[in-house]
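Subject: Structure handover

Hi,

Here is the structure you asked for. My notes follow below it.

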Amino acid sequence: MGTAYTPGLKVSAEATVDKVRRLPVKGSVLVKAGEAVQPSTLVARAELPGDVEIVRLAERMSLDPDELQGNVKVAVGQTVEKGQLLAQVSGFFGMFRTQVNAPFAGKVEYYTEVTGNLGIRKPPVPIEINAYVSGSVIAVLEGEGVVVRARGAFIQGIFGVGGERQGEILMACSSPAEVLTPEKVPQDCAGKVLVGGSLISSAALAKAAAGKAVAVVVGGIQNQDLHAYLGYDVGVAITGDENVPLTLILTEGFGRIPMAERTFNLLRSLQGKCASVNGATQIRAGAVRPEIIVPHSEAVAQSASAPQAGVLAVGTPIRAIRDPYFGQLGEVSDLPPEPVRIPTGAVVRVLRMKLGDGRVVEIPRANVEIIER
Amino acid sequence: MAVKPEDLRVVLATDCGSTTTKAILFEKKPEGWRQTFRGEAPTTVEAPFEDVTIGARNAITEVEELSGRRILSPDSTDALKFITPAGGKDGIDLYVSTSSAGGGLQMAVAGVVRSMTAESAERAALGAGAIVMDVLSVDDRRKPHERIARIRHLRPDIVLLSGGVDGGTREHVVELAETLLAADPKPRFGRTLRLPVVYAGNKDAAAAVEVLLKERFGFQTVPNIRPVLEREQLGPARAAIHEVFLTHVMSHAPGYDKLIAASPVPILATPHAVGMMAEAAARRRGIDLLAVDIGGATTDVFSVCKGVFNRTVSANLGMSYSVSNVLLEAGIGNICRWLPFAADPDEIQGRLRNKMIRPTTIPQALADLIVEQAVAREALRLAFQHHRSLAVGLKGIQQQRTISESFRQTATGESLIKMMNIGMIIGSGGVLSHAPDRKAAALMLLDSFEPEGITELYVDSIFMMPHLGVLSSVNADAAQEIFERDCLVHLGTSVCPFYGRLKPGSPVLKYTLDPVASSTGVPARGTSSTGVPARGTLLCGELVRIELPPGATAKLAVEPAHRSVDLGRGFGKSVERVVRGGHAGVMLDGRGRPLALPGGAAARVAANKRWMEAFGLELPGDFTTEGTENTENSKG
């Protein structure tokens, strides 16, 4: 037995998924524990404190800050309306007054005598969060949000861009090796989660976006096509907030890589069903991966499995995640305990992998991931 | 666990890095302190585990398996508990740890003038081992609302606010505090934590700043980092940063409460611990020194020049999580220029992106390894460039300089680092420490740092400088002993003449390398036909490597072939000195400074092949996606 370095990506027809829906600031929870929710159900609401804008009173009145003393007409904590007088100084015999009025409504947050600046906090901005998936509320995080449990198919991708969306799954390719070209993007793809095979071309992505598809799930994309879609290169892989017309989820990686057959077949079996998808990716050791969740209508199970470190054993289904066998599937046939010299000259712990065609190859343990069920 | 240095026999140290957690066992043997076993496991500070101690426990378990020593206490289920003290084959006397997991310590700093107080604040933060996310100043050419928007977007662990000399104008630094208040940034960890702000500016403005910030921030004041223009005082600010990092920030990171509780010794930020070892090495040898630690997410560079220590942490320059950012900053052309084979840039970019999304994988094919080493050259080059831009002017506490010097520094931005004076370069981090062929690590250091004159090159054998740094905080002698004996691996001595314009292929210098008795008793003789004694002429554009094994020494005599050639004694002057051998022996680099690669792609590939051959490095037959390299390798 040994430990896999790369946590496997989950591809499961029957999974229990707990989604924490948390407000960025304290607020109120709108649902109760045990309540059934739909993706669009609002579960919590809060008010984000408005931004503080600085009003440079002294500068605008051409005065030294100490000359303002006694001439500021509002106090810290006071609510002000747009246009309300903030400070006023009279000139000779009360004439030639200079004054500053509030440029917007808000609350006086501070006034500093040293600078003669006034800070006004704008009114709070309401924010709401929805359930994202169909399921039931299993826990209420008082004042913060809820945990929604969904049971159904759960597929993790390796990399994605774009945030949470919902749509109906539609197969655009008939095999995992097929390239998703513009011709294969259906005319009527509005609101759909399109599933491709090994690759999506830049033109196909553009056509899907123009047709108002909500997401594309595909094996790989060429680096330059992702650049064209985003308009920039991804540096550090923290994604999900991109302003893109559709969410893109890669199941395998960069380049033309056939989608794992299991993933493809599962998605095919879910055609026509409503999926919640999210391209958000944050790559740290086994961190946030993009996801496709297709909840069932059946009753929700009571417990979700806790994450576990991947344990390799003979027979464990694995996928090679680095050249020269990148993308190939197989199973562990042997776990030699002693480190072995590999072609680079490095001496590392390896495993023997039985590929689909029956060949047995030696691969560093760091270069496989367990296919989680 | 009691921490009495004299009682220590077995010490376990972990470094919780951004990608992997490394556990190392140090033991006191009859011959002295030694590093004995090492284990590693993926770091688990991020989701889905969100508990740094899971990765630490896995790495420690590997040490247990390899050493046969039981270390973890049977009741160590949730909390990290150890069998203490060490007795027979079981237990340890002390557990210590460093950490850069979860992105390390991330800070935003602010000062009134970019080149004065803001720069001092930046040095204070970097010196404390932080990644500086942004430097804000009144003259940073941003409008106030842009500054506010930027701060709002950041999620720092700590903010260091400085500005103004004591008794000077208060307005600007108070305005910076107003900006901070308006932005109201949230801390990265801990939803209930009030973002710590360390104020180290004009003492006369401290009260006004405190009034503004004390409600919303975890506010504390320390003595001004620039009490007067000509004096920089970084110590108190750095101490406050350490304290806040340990007591507030780190304890809010996932699992760190348990990690902190597991050791009686404060956890150190990884760059801080590495810096302690680098500084000690330079002090002991009385030389100028450079050290680098290239990690998965960041690259840290350390320099000690004329006794002045500087440290920089280049966020987002690294070999795994940050590999795509290296690609972005360096450009694919700069990465491909180091390859000894023709390759499709798009294919290389695709591979690097795949490395980014699966950061813990390692190269299996030789060509893949060479691509990673090309990326490393660029990451090191960029990080060193960053370091040189900041290793200027003042250092540490109470260092004096005159106003005119201060202005000169600002005007010129002159780096403190003079490559000709650097006597030693130490490389650390996976791509250097674990390079399958140590000679490749030497070539990477030569290409990215471009040493001048005569320089000794080393790597950290298994990446243990962080562990030794934190050990040194308890037992400096033990750390020192292990550092010299098990950590430093001598790659060899580089001889790099600086010269003006010379025609490619024309003579640069004549050299002779003759045997002398080695101080360590190893006979000074070559291990191959190209070994010592050796004599010849180094040509412009050429790399020559002469075998001289680790521990051996030889007498080097160099005579410039031209008046424009300098080896540290001055232009046209001969040099004679005893040099030490290493895994790469003595390396004569006639490629000139700054290092310029041939213009055309074919010529560049040919040059890289020549240089790799000169270093006896294996070359892949071709760059393919099917991994056929193993059968096509040719020995260089």
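First, the terms. Axes are lines fitted to C-alpha atoms, for helices over the stretch in contact, and angles run from 0 to 180 degrees between N-to-C directions. Helices (H or I, at least four residues) and strands (E, at least two) are DSSP runs, numbered from the N terminus.

This is a predicted model: local features need pLDDT of at least 70, side-chain atom pairs count only at pLDDT 80 or more, and totals for chains, interfaces and linings use all residues. Residues are numbered from 1 along each chain as its sequence is written, while chains are lettered from A and ligands numbered from 1 in the order written.

**Helix pair in chain B**

Helix 9 (residues 323-330) of chain B and helix 12 (residues 366-390) of chain B have axes that come within 10 Å and cross at roughly 70°. The two are therefore roughly perpendicular (65 to 115 degrees). Helix 9 of chain B contributes B:Val323, B:Val326, B:Glu329 and B:Ala330 to the contact (C-beta atoms, placed from the backbone, within 7 Å). Helix 12 of chain B contributes B:Val375, B:Glu378, B:Ala379 and B:Leu382. That gives 6 nonpolar, no polar and 2 charged residues. Nonpolar means Ala, Val, Leu, Ile, Met, Phe, Trp, Tyr, Cys and Pro; charged means Asp, Glu, Lys and Arg; the others, Gly among them, are polar.

**Interface**

Between the chains, 47 residues of chain A are in contact with 54 residues of chain B. Strand 6 of chain A supplies the largest share of the chain A side, 3 residues. That side divides into 26 nonpolar, 16 polar and 5 charged residues.

Best wishes

Key
Angles under 35 degrees count as roughly parallel, over 145 as roughly antiparallel, 65 to 115 as roughly perpendicular and the rest as oblique. Two residues are in contact if their C-beta atoms, placed from the backbone, lie within 7 Å.
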